[in-house]
Amino acid sequence: MKIHGQYYRTIWTDADGVSIHVIDQTKLPHAFETVPLTSSQTVAEAIVTMVVRGAPLIGATAAYGYAMAMREDSSDANVDAAYQFLFETRPTAVNLRWALDDLKARLAVLSPAERFAAAWQRAGQICDEDVAICEAIGKAGLPLIETAQKPGKTVNILTHCNAGWLACVDWGTALAPIYMAHDAGIAVHVWVDETRPRNQGASLTAYELGAHGVPHTVIPDNTGGHLMQHGMVDLCIVGTDRTTARGDVCNKIGTYLKALAAHANNVPFYVALPHTTIDWTIEDGVREIPIEERSAREVTHMTGRLPDGTLATVDIMAPGSKALNYAFDVTPAHLVTALVTDRGVCAATAEGLKGLFPERG
Ligand code: MRU
């Protein structure tokens, strides 16, 4: 996608083949800065501190981190140690495990001398594949927006968190069909949940929709139910960090409440996902998906821009009060109208997923 007229992916390599560059998402929307990552340690830190975030981008970045770990030490012991070290950076998004598993299986059969080059090359392929996957999700989801059109009316779409190109390598998952609809001349407008506590909606989704010229309005997280009650939402579409074999979806905290509101108001609730987000090893998302708990400081403090342009972080809490910060929640499959994947659209059921992925049957 484009920023100020220039095409960007969220992650790219240096010509020297030594470092990668990423967009520092902790600085958006106030500053567009890119940072080099040159070691497995700096990659891990970038994932933990959410310089990079979003399930597919976490996986792609971790793949490069694994390659860098092989440059640092390509021994058998480090194939295991680096896997574990990177795996622990963010526990919920399963793309991380998917990418590390993919690389580890390849590294295991190579000699130490071959490992770095093979891992680096595969990390690049993972990035390219993610772009193609997200484009396919966009094409699969576009008809859902086309059919939601009413003569002379704008299609109002609600989304939560950031499942756009900033969360992936390009295009995005939930936002890919929206970009394609907008580019096809369909009048769309996006209700963007601000997505407390880190405000990925207000900071990132609004930023990238604005950069692409897609009409949107940021709303407090509590507003969606009211809008749905009043017929102001035609459909919801969100991303997911982990999808179980029966179609439960784990996504940014607050997604579940939006799904409940959508169900109560007969608003279609779609979840867009790359196949790399499906965890075929589990069924019951509520019981089996580990939910990342992040620092209470993300709840107690907010960062914003002062009138002079400088950034400031302020404490918004009553002194002494405790805060709790679960980063994700699970929406049970029965609240999901359909899953939008890179293989097409299916029911959020075990049968629906197996229909698209028969090799998993
Ligand atoms: O904590 P984050 O910002 O990594 O959470 C991101 C989300 O919850 C996205 O909606 C999710 O990764 C799906 S995105 C393609």
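Q: In this predicted model, what distance separates the centres of domain 1 and domain 2?
A: The domain assignment of the protein gives domain 1 as 2-130 and domain 2 as 140-360. The centres are taken over C-alpha atoms. They are separated by 24 Å.

Q: How many residues does the contact take from domain 1 and from domain 2?
A: Both domains contribute to the contact. Domain 1 gives 34 residues. Domain 2 gives 34 residues.

Q: What is the area buried between domain 1 and domain 2?
A: Carbon and sulfur atoms give 55% of this area. On the domain 1 side, H30, R53 and T92 supply 22% of what that domain buries against domain 2, more than any other three residues. The area buried between the two domains is about 2,900 Å².

Q: Which side chain meets that of R90 in a salt bridge?
A: The rule finds two salt bridges across the interface of domain 1 and domain 2. It also finds 17 residue pairs in polar contact there. For R90, the salt bridge runs N to O at 2.9 Å. The partner is E292.

Q: Which elements each supply at least two residues of the side of domain 1 that touches domain 2?
A: By class, this side has 19 nonpolar, nine polar and six charged residues. Elements that each supply at least two of its residues include a strand, β1 (2-3). The others are the helices α2 (55-72), α4 (94-108) and α5 (112-146).

Q: Is N78 buried or exposed?
A: N78 is found in helix α3, residues 76-87. The cut-off for buried is under 20% relative accessible area. N78 has 15% relative accessibility, so N78 counts as buried.

Q: Which backbone oxygen lies 2.8 Å from a polar atom of the side chain of N78?
A: Leaving aside neighbours within four places in sequence, N78 is in contact with A69, M70, D73 and Y83. The backbone oxygen of A69 lies 3.1 Å from a polar atom of the N78 side chain. The one at 2.8 Å belongs to D73.

Q: Why is helix α6 largely enclosed by the rest of the structure?
A: The buried residues of α6 are L175, A176, P177, I178, Y179, M180 and A181. They pack against α5, β6 (155-159), β7 (188-193), α7 (200-212) and β9 (235-238). Helix α6 is largely enclosed because the buried share of its nine residues is seven.

Technical notes. Residues are numbered from 1 along each chain as its sequence is written. This is a predicted model: local features need pLDDT of at least 70, side-chain atom pairs count only at pLDDT 80 or more; totals for chains, interfaces and linings use all residues. Side-chain values use heavy atoms; hydrogens and water are left out. Domain bounds come from an automatic or database domain assignment. Contact means heavy atoms within 4.5 Å. Buried area is the accessible area (1.4 Å probe) that two parts lose on being put together, summed over both. A salt bridge is a side-chain nitrogen of Lys or Arg within 4 Å of a carboxyl oxygen of Asp or Glu. A polar contact is a pair of N or O atoms within 3.5 Å; within protein, one must be able to donate a hydrogen and the other to accept it, and residues adjacent in sequence count only if both atoms are side-chain atoms. Helices (H or I, at least four residues) and strands (E, at least two) are DSSP runs, numbered from the N terminus. Ala, Val, Leu, Ile, Met, Phe, Trp, Tyr, Cys and Pro count as nonpolar, Asp, Glu, Lys and Arg as charged, and the others, Gly among them, as polar. Buried means under 20% relative accessible area, exposed over 50%, partly exposed in between (1.4 Å probe, protein chains only).
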